[in-house]
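This report looks at one helix and its surroundings, then at the nonpolar cores. The sequence and structure come first.

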Amino acid sequence: MSAEPLPLRGAATPAVPPAELFAVPRPPLDAFGPAEAVRMLTIAGVLGASVAHRIIRRAWGFGAKRANRRVAAAEGVVDGFERLGPLFVKLGQLIASSSGAFPKELSDACLRCLDDVPPFPAELVRRTVAADLGRPIEELFLHFDDEPLSAASVAQVHAVVLADGREAVVKVQRPGMARRMIVDLRAALLTARLLERRSEAARIANAVGVVRDLYEVTVSELNFLVEAEHQARIGAAVGAFGDNAGVVVPEPFWDYCGPRVLCMERLRGIPLDRFDAVRAAGADPELLIRRLVKVWLEGVAVHGLFHGDVHAGNLWLLDDGRLAMLDFGIVGTMTPPWQALVRAMFRASAFDGDFTPVAVALRELGLFTGQSTDDVAIGEQLAMVMGPILSGELAEMDLKSVTSQLLDFGRGTGASGPEQLILMGKQLGYFERYAVALAPGWRLGRDLYLLRNIFPEQVLAAAAERGLELPS
């Protein structure tokens, strides 16, 4: 059933860098020294001053008369994040994408962290590219645009023309990023521990767990060769079945990639959350959403590798009408047992309503230790809980309900692995936002189109029985 492409690392293709360059350093998170102590004081000072400034402005009515104290404090926290630099902007992005796990005021304020940040100088960009690729920019490219197309917390993107005339972009990591991020993570970990001792809200939000999750994301994201490999593998997976021509992943150009430089084909379009522009483009908005979710869900349930950060800046409607998935710094992996769980959930919801295989999958993952061994009975209980959310016949709830259920499940089990489902749930939250704006009548429910490559025989039979013609 799996159509997962062969791994690229170690392949015979000479353009792919040697395997040792894909190594991801993992400096200890629990280490603490003078640099971290100074940084902790800086963090405390900046956050305290930023929050106080916002609250004082509110108290005196400067532009925030109607804002309550919690909103003002949340805005102050984000002001502090922006002043403290890339790691804290990344933390804000994590909070913004995990709205169910944090106070609404904070998650709403952190949406600002999804915007571009100030760029770093072109001279440093050129120096980084030359150091990573072994030649000056003038020898590598026919043209290099010093003005960045975009700038984010970890890197910025510049337009280039390759030696053979192809248009491309290069994503270049901010100088000194690795060391700075690790120092900040260590300081943030100690801060989170102190907050959890003194604040019930910090304990509920699992502040320490958030920092540890951020560490795992960061150490992988800092090697752009790993990102390029993920991008190439997901791009190959999108085309594996031959029916996803409406979705594209930009091709990485391995000859121009290094640990801090990622070069890929240039695509032109608009972010998916420019809803008015998307509608004006003349595409079928509902079909756009369905195509995206189909490709993404195949990554979860079939290929075992899926985009883990589908905010609108990473999803574009291209000028030619296709959809593009961008930025693979954060990806999710689903091991076979977790894939079996996801497939069992969708099989039950779309076809037979039998949640017994879901109970079996949960038990095999060690999530029902010490409970009843009657999988049929447990399946019936799961049907009562999950059925109203996932079942086509009762599917009046939207993707946000699916997300909430998955997040509640991940928090409640106490198991070591639900992070995979939690990351999946976060992405469903993004898709829910796009669906509400672009396809308000669509529900996940029993959309057979999404499952065509996951359950091909069942979908074919069910579509024929229901007289449905699935989109191409």
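The model is predicted.

## Buried side and length of helix 5

Four residues of helix 5 are buried: Val125, Thr128, Val129 and Leu133. Viewed along the helix axis, these buried residues fall within an arc of 105°, so they line one face of helix 5.

Helix 5 covers residues 122-133, which is 12 residues. At 1.5 Å a residue the helix should span 16 Å, and the end C-alpha atoms are 16 Å apart, so the two values agree. Gly134 follows helix 5 and has a positive phi, near 85°.

## Nonpolar cores

In soluble globular proteins, nonpolar side chains tend to be buried together. The largest nonpolar core in this model has 61 residues. Those with the most contacts inside this core are Leu272, Ile289, Trp296, Leu341, Met424, Tyr434 and Leu451. Helix 12 (residues 285-303) gives the most to the core, with 10 residues.

Leaving aside residues up to four places away in sequence, Met424 touches Trp296, Leu297, Val300, Phe306, Val342 and Phe346. There is also a second, separate core of 50 residues, which includes Val16, Val210, Val211 and Phe224.

Definitions and conventions: Residues are numbered from 1 along each chain as its sequence is written. This is a predicted model: local features need pLDDT of at least 70, side-chain atom pairs count only at pLDDT 80 or more; totals for chains, interfaces and linings use all residues. Side-chain values use heavy atoms; hydrogens and water are left out. Helices (H or I, at least four residues) and strands (E, at least two) are DSSP runs, numbered from the N terminus. The expected span of a helix is 1.5 Å times one less than its number of residues. Buried means under 20% relative accessible area, exposed over 50%, partly exposed in between (1.4 Å probe, protein chains only). The arc is that of the directions from the helix axis to the C-beta atoms. A nonpolar core is a set of buried Ala, Val, Leu, Ile, Met, Phe, Trp, Tyr and Cys residues joined through side-chain atoms within 4.5 Å. Contact means heavy atoms within 4.5 Å.
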